[in-house]
Each structure stands twice: as C-alpha cells, then as structure tokens.
Amino acid sequence: MRKIACAVLVAAAAATTALANEAPAAAPGPASASFAATPAVGAVIGASVLSFFAFYLQLLFRLKPKVRPLRCRPMVRAYTQEHVYHHPWDRVTTAAWRKFTDPDTPALLSHIVDVHTLHRRLDPASGRLHAVRSITVRSPPLPFILRRILGQDAVVCHCVESTVVDARGRSMEIVVRNASLRGLLEVEERSTYRPHPDRPEGWTAFRQQTSIRCKPLSALAAVAEKVEQRCAERFQQNSVKGREVVERICKFLEAEASPAISC
C-alpha cells in the first residue's frame, strides 16, 4: 500500500510537470489571460486531486492494523539425569550391554517389546566399537489429547539406538531416537558412561540428557507443555528402572568375579 501511495505521488508530480510544459505559448494579439492560464490551472487541480488521493492512501495504510503471522514457539522439554555407579567402568558397560537381554529384565522393563542388532563394526585403527540396534517399545496410557489424535490408548514405537564404545579412552556413548511417530513426537536421549573423576578405577559416572518435543501441538503451548511433561515423567520413571537393572547386573557380575579372584 505504501508503494502504491508513493507511485501516485510520483504520478501527480509528473502530471503537473507535463501539463505545465505542454501549455501552448500565448498567441500574439489581444487575448484573455484567463484562457491562457487554463491549462496550468487544470494541471494544478489534477495534481491536487492526485495528491489528496495519495495522502488518503498513506493515512489508510498507517491506520490499518498490521497482521503479523503467528509464530509458534518451539516446545521442547529437556532434562538431565546423573547417577554414580559404585562399580568400575568395564563392569558397568558390560551390564549396560546386557540390560535388555537379561532374563529378569522383562519384569522391570515391561515396556520393552523387542530388541534387534542391526549393525556392528569394530574400527581396528581406533579400537572403537560401533553398534546400531532397533528397540521396540510399548507406550504407557497416552494423555487424553493424544488419544483423541491417534484414536487409541497406547501405541508401539520403534526406536534406533546408536552406540560407540571406546575401550581405550574408557567411554561409552549411546544415542536413542524414535524412528516412528516423528510427526507427532520427537524424542532424543543421549547417555554417557565414563570413569568417575574422583574414583576413576572404582566408580562410573552416568549422565543422561533427554529432549522431548510435541510437534503438532507447538502452537498450543499449554496443551503441548502438558503432553511433554507427562511423557518426561514416564521417561524418567523408565530411566530409574533401567538404572536398577544395570545395578543388579553389576552386583551379579561382581559376585561372579569374586570366586575367580579368590582362586
């Protein structure tokens, strides 16, 4: 609108100049001054009308409320959990590998449906082990708004777990992302196992960072926040159960190694 008003102003100025320049020269002999000035007067009147119209457009543009597009604030809930295992790094990482295959695991981690190893590779140069696993989980009862969207009380979600184990540097990094339902919910979980800085030979520091984003409800901040909070609470509960499984396996490995050490 502002560009249109400026164009009208330029046209008005151009019309005034053109009409003034095209006014015929006064013929010799007696003539009325009013007739000689008629083209110039008409040009002034026309320019005035155009200028008024341009002023009206500018005023209309200034008074018109500006409609700004709705910008959805990305709703991401993130939290960090830390835990100290009073066991050496090699024992804790061994227990972490056996967490899903232990016979007693289904009793505690009932949401785990299936686990498959998709890829495994040992880098001879760095000594690092790279592994990719698919993990199928069953969700807990969904919040009301998600049940309305999906039309069911619970869903089965497929996740991809990427693990890098550096035996020389004594570090284990795990990244888990959901592969299905990404149009509804995006979850990323990053976990690390490293020797504890205070007692590197006897303790292991565990750190887990989780981010949850409810995508289709990002425009409804209050609703999305409730959904993400409910999911975060459930993930934290499952994380506690997972640490309990690792602790139990560590104690089993410790007891298993004791007779060998005594011999």
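Strands are DSSP runs of E with at least two residues, helices are DSSP runs of H or I with at least four, and both are numbered from the N terminus. Two strands pair if DSSP finds at least two bridges between them.

The model is predicted: local features need pLDDT of at least 70, side-chain atom pairs count only at pLDDT 80 or more, and totals for chains, interfaces and linings use all residues. Residues are numbered from 1 along each chain as its sequence is written, and side-chain values use heavy atoms, with hydrogens and water left out.

**Exercise 1.** Describe how β4 pairs with β3 and with β5.

*Solution.*
1. Strand β3 (residues 128–138) pairs with β4 in the antiparallel sense over eleven bridges. Within this pairing, Ser134 has Val160 of β4 as its bridge partner.
2. β4 and β5 also run antiparallel, joined by eight bridges. Here Cys159 stands opposite Asn178 in β5.
3. The hairpin of β4 and β5 has four residues between the strands, and in this hairpin Arg170 takes a positive phi near 50 degrees.

**Exercise 2.** Determine which elements line the largest pocket, and what kinds of residue they supply.

*Solution.*
1. A pocket is found on a 1 Å grid over the protein atoms alone, as an open set of points where a 1.4 Å probe fits, with protein on both sides within 12 Å along at least five of seven lines; lining residues have an atom within 4 Å of a point.
2. The largest pocket holds about 190 Å³ of space, where a volume is the space filled by probe spheres set on the points.
3. Two or more lining residues come from each of β4 (156–166), β5 (171–178), β6 (185–195) and β7. β5 gives the most, with four residues.
4. The lining divides into three nonpolar, five polar and four charged residues. Ala, Val, Leu, Ile, Met, Phe, Trp, Tyr, Cys and Pro count as nonpolar, Asp, Glu, Lys and Arg as charged, and the others, Gly among them, as polar.

**Exercise 3.** State where Gln208 lies, and whether Gln208 is buried or exposed.

*Solution.*
1. Gln208 belongs to strand β7 (residues 204–214).
2. The relative accessible area of Gln208 is 6%, so this residue is buried (under 20% is buried, over 50% exposed and in between partly exposed, with a 1.4 Å probe and protein chains only).
3. The side chains of Gln208 and Ser191 are joined by a polar contact of 3.3 Å (a pair of N or O atoms within 3.5 Å; within protein, one must be able to donate a hydrogen and the other to accept it, and residues adjacent in sequence count only if both atoms are side-chain atoms).
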